[in-house]
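Here are a few friendly notes to read alongside the model.

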Amino acid sequence: MTSPSPVSRADAPAASPPGRRTVLGAFAAAALGAAGCSGRAAPAGHPRQSAPTRGGSPSPSPGLPRTTPWRPTAAEVQPAAKLRAVRLVEAIGAWGAGHGGAAAARARVAALGLPTALVDRAEPLLPPADEAALQVVDAQYGGILSRSASVLVVCRQWTRGAGTTRAGGTTVDVRLSRSGSAWTVGALYPARPGPAVRSPAPDVRAVLSDERIVLPPAAVADLRSGQVHTGVARAMLALARTYRLEVSVVRSGHPLDVFGTSRPSDHPRGRAFDVWRIDGHAVVDPATSRGLIERFMRDAAAAGSYNVGGPVLLPGGGPGQFFSDATHHDHVHAGFRG
């Protein structure tokens, strides 16, 4: 996700990640209360999905799709931070008939005990519509330190108006701070992919049509914008020959700098992508085979990534080619040189 310098371990988050099979049951019970934690086999927040519709064109529909509230698993580094970020995005981006608009969104945010001014930065989540449904696909760390965090909330959204349903969505970088055991939100930054180019590069077009590469809405828009390096697209295609990869973040919706540093991240420059699920297995899930993750990371390096991060610190490779820290406990990052 973030792109640390090859040998920088000092920039790793202060909180070390738990073992892949550590269960934070006591913390989850206290922090999540009735929300609970999902089981390993099919986490409630990670429903199995078929390949998404790649376009955003309207289609007649009598209603909106049924969605499921996202919940963290017990294996998260800081489940309460993710849950706080997700509940904010869900509150802003979903509403019933007659409850659209910024004023109603502020009321929903206030009910969470969060600053209503957050709504002022959330316009991509508030398109004009009679009603809206929102499904969080994944929530991954943009960075996690002992008292601050960036949570990237990847979501799909459906809006309904004038008898027509439109499919869209975005990715929101939610910034949080910690006081004691409680997390609060200080800012949010929705993705700004930019306009689509008339003719994407051939490798990009191939990625957009490959059913083994599952892309959320912001990632699709990133690729269509012409601002993603062709090496990223070629690596995705190479990996898709072996795996079904579900991408969380490509360019937009990611912090500009490696979280907690002043070093530019590879993501906003269109030179990285993150994968949260491989062959249907979530990276964060302790039941996911360590061997599968290790093979995927090595294959990402073989596909051209100079900077592969994940929940497993692999030996070998070039200097600093593989890294692991708490931020990458929940996804595999692949960075590329320009």
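**Notes on the model**

1. Strand S2 (residues 131-144) is mostly covered, with 13 of its 14 residues buried. Buried means under 20% relative accessible area, exposed means over 50%, and partly exposed is in between (1.4 Å probe, protein chains only). Helices (H or I, at least four residues) and strands (E, at least two) are DSSP runs, numbered from the N terminus.

2. Before going on: this is a predicted model, where local features need pLDDT of at least 70, side-chain atom pairs count only at pLDDT 80 or more, and totals for chains, interfaces and linings use all residues. Residues are numbered from 1 along each chain as its sequence is written, and side-chain values use heavy atoms, leaving out hydrogens and water.

3. S2 pairs with strand S3 (residues 148-161) in the antiparallel sense, over twelve bridges; pairing requires at least two DSSP bridges between the strands.

4. Arg-160 and Glu-131 form a salt bridge through their side chains (3.7 Å, N to O), meaning a side-chain nitrogen of Lys or Arg within 4 Å of a carboxyl oxygen of Asp or Glu. Arg-160 lies in S3 and Glu-131 in S2, so the pair ties together parts 29 residues apart in sequence.

5. Asp-266 has salt bridges to Arg-269 (2.9 Å, N to O) and to Arg-271 (3.4 Å between the closest N and O atoms). Asp-266 and Arg-271 are both buried, while Arg-269 is partly exposed at 40%.

6. Gly-101 sits in the loop between helix H2 (79-93) and helix H3 (102-111).
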